[in-house]
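Take a look at the sequence and the model, then read on.

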Amino acid sequence: MTVREASAEWQGTLKEGSGRLRLGSGVFEGAYSFPSRFENGPGTNPEELIAAAHAGCFSMALTAILGRDGHVAQNIRTIAKVHLGATEAGPTITRIELETEAAITDLADDEFECLAQSAKAGCLVSRALAGVPRITLKATLVKGK
């Protein structure tokens with residue numbers, strides 16, 4: 001089985017402290033802090049990394065499902081928006097919105113929507129985030145050249 005890792009280091013108090021997030025592959029390392037997570041301060045945050053993981057996973061899942069049905073996308077672009085909200089339990093990921101646009105020839109809009117919904121349901125990150133109350137998908141088919 002494949003194992004992926006990342007690390008986080010934090011120094012100081014919650015509101016005044018800061019930390020660094022590092023991917024095990026070494027391709028990303030970034031600062032994070034209370035302001036970058038709960039306000040609009042500079043740096044990254046765990047939710048942004050979850051959004052990147054979800055967008056990447058969904059795009060690959062959609063590619064696989066399209067290929068299984070004999071379709072090849074010229075391009076797939078996915079944006080994931082992770083909403084952080086306040087609940088009785090404290091700060092919580094309350095919603096994730098996926099928006100994808102794909103350029104594919106010879107595919108009907110309704111078939112594309114069905115395949116995109118299947119990709120959303122089957123994506124590994126979607127399944128890992130099953131505790132998020134609402135994950136939505138807006139799928140747009142752009143007719144390929």
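Helices (H or I, at least four residues) and strands (E, at least two) are DSSP runs, numbered from the N terminus. This is a predicted model, in which local features need pLDDT of at least 70 and side-chain atom pairs count only at pLDDT 80 or more, while totals for chains, interfaces and linings use all residues. Residues are numbered from 1 along each chain as its sequence is written, and side-chain values use heavy atoms, with hydrogens and water left out.

**Overall layout**

- The protein chain has four helices and six strands, and from the N terminus on they follow the order β-β-β-α-α-β-β-α-α-β.
- Along the principal axes, the C-alpha atoms fill a box of roughly 55 × 35 × 30 Å.
- Contact means heavy atoms within 4.5 Å. Of the contacts in the protein chain with a separation of 6 or more, 51% are between residues 24 or more positions apart.

**Inside the fold**

- Residues are called buried under 20% relative accessible area, exposed over 50% and partly exposed in between (1.4 Å probe, protein chains only). Of the 145 residues in the protein chain, 36% are buried.
- A nonpolar core is a set of buried Ala, Val, Leu, Ile, Met, Phe, Trp, Tyr and Cys residues joined through side-chain atoms within 4.5 Å. The largest one has 29 residues, and those touching the most other members are F58, L62, L66, I96, I104, L107 and F112.
- Two or more residues of this core come from each of α2 (46-68), β4 (75-87), β5 (90-104), α3 (109-122) and β6 (135-143). Helix α2 gives the largest share, eight residues.
- Beyond its neighbours within four places in sequence, F58 is in contact with T78, L98, T100, A116, A119, K120, C123 and L137.

**Cysteines**

- How many disulfides does the structure hold? There are zero, where a disulfide is a pair of cysteine sulfur atoms within 2.5 Å.
- C57 is buried, with a relative accessible area of 16%, and C123 is buried too, at 0%.

**A loop residue to look up**

- Where is D106 placed? You will find D106 in the loop between β5 and α3.
- D106 counts as exposed because its relative accessibility is 75%.
- Most residues other than glycine have a negative phi. The phi of D106, a residue other than glycine, has a positive value near 55°.
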